[in-house]
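Take a look at the sequence and the model, then read on.

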Amino acid sequence: DVSANAGFSDIAVVSGYKSEVLHNHLKDRGITFFFNERFSTTNMVETLFCASSFAEGDDVIISYSDIIYNPEIMQKLCSAAGDMQVVVDTQWQKLWQMRMEDPLKDAETMKINEGRIIELGKKPKSMDDIQGQYIGLIRMSPETFKKAKEIYRKALQDSPDAVKMYMTDLLQGLIDTGVPAAPVFINGGWLEVDSAEDLEAYQNNTELQKSITG
């Protein structure tokens, strides 16, 4: 629904485990489906590039499947300029505190300097290492997507374990090669659903629900 509100007509979904459930749920929405046959032994970067033929040639927006967000977040991402934009929540602690006793144990680093992300996805030593939290929503130019494929291809050549690469590893690789990663700052308005407990907590919080629906 967020994609439709943002004016997108070309949408692809890459599935793996329980793919038939997802297909049945989305089968009448004009979506292109891809399937990661190695979903049980690979990770999200391999899943992303299962749809590389779909994503090449135009700007591509990559969204994790376990997040939901206010349409305004997508509109803000679409209006941002640059080769790569990464949505960053500056109010992330409110969501993490609702879901876990120690937010620092689950959070990842996000270091920003002069308007560019210089580090993300690592284990923080303290809250000072977290200037926001990456939510799993990215936009890449065609050139950046091509560079991302090359980084992954080289990583696979160097080590078979690269099939388990996380998206944050790929983004850090792009940053390290000089691709400017622009943060698109938000103040909440999204949710990550990792468990039935997360879902129950959200369903009992009307203020949080309102931040998503607007």
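A residue is called buried when its relative accessible area is under 20%, exposed when that area is over 50%, and partly exposed in between (1.4 Å probe, protein chains only). By that scale lysine 18, with a relative accessible area of 47%, is partly exposed. Please keep in mind that this is a predicted model, in which local features need pLDDT of at least 70 and side-chain atom pairs count only at pLDDT 80 or more, while totals for chains, interfaces and linings use all residues. Residues are numbered from 1 along each chain as its sequence is written, and side-chain values use heavy atoms, with hydrogens and water left out.

- Most residues other than glycine have a negative phi.
- Lysine 18 is not a glycine, yet its phi is positive, about 55°.
- This lysine 18 sits in the loop between strand E1 (12-15) and helix H2 (19-26); helices (H or I, at least four residues) and strands (E, at least two) are DSSP runs, numbered from the N terminus.
- Glutamate 114 also has a positive phi, near 55°, without being a glycine.
- The loop between strand E6 (110-113) and strand E7 (116-120) holds glutamate 114, which is exposed because its relative accessibility is 77%.

**Helices H8 and H9**

- Two packed helices are described by the angle between their axes and the distance between the axes.
- Helix H8 (residues 142-158) packs against helix H9 (residues 167-176) at an angle of about 110°, and their axes are 10 Å apart.
- H8 is therefore roughly perpendicular to H9, a label for angles of 65 to 115 degrees, whereas angles under 35 count as roughly parallel, those over 145 as roughly antiparallel and the rest as oblique.
- Axes here are lines fitted to C-alpha atoms, for helices over the stretch in contact, with angles running from 0 to 180 degrees between N-to-C directions.
- On the H8 side, Thr144, Lys147, Ala148 and Ile151 meet Leu170, Gly173 and Leu174 of H9; contact means heavy atoms within 4.5 Å.
- Threonine 144 in helix H8 is buried, at 2% relative accessibility.
- Leaving aside residues up to four places away in sequence, threonine 144 touches Asp83, Met84, Leu174 and Val179.
- Why is H9 largely enclosed by the rest of the structure? Eight of its ten residues are buried, among them Met167, Leu171 and Ile175.
- Glycine 178, with a positive phi near 105°, follows H9.

**Salt bridges**

- A salt bridge is a side-chain nitrogen of Lys or Arg within 4 Å of a carboxyl oxygen of Asp or Glu, and by this rule the count comes to ten.
- Arginine 38 pairs with glutamate 46, with the closest N and O atoms 3.0 Å apart; arginine 38 is partly exposed at 41%, whereas glutamate 46 is buried at 14%.
- Glutamate 56 and lysine 149 form another salt bridge, their closest N and O atoms being 2.6 Å apart.
- Because glutamate 56 lies in the loop between helix H4 (52-55) and strand E3 (60-63) and lysine 149 lies in helix H8, the pair ties together parts that are 93 residues apart in sequence.
- Both partners are partly exposed: glutamate 56 has 42% relative accessibility and lysine 149 has 30%.
- Glutamate 150 and arginine 153 meet in a salt bridge of 2.3 Å, N to O.
- These two, glutamate 150 and arginine 153, are about one helical turn from each other because they are three residues apart in helix H8.
- A network of salt bridges links Arg99, Glu192, Asp194 and Asp198.

**Isoleucine 31**

- Where is isoleucine 31 found? It belongs to the loop between H2 and E2, and it is buried, with a relative accessible area of 17%.
- Isoleucine 31 and alanine 12 are 19 residues apart along the chain, and their C-alpha atoms are separated by 5.6 Å.
- Not counting residues up to four places away in sequence, isoleucine 31 touches Ile11, Ala12, Val13 and Leu26.
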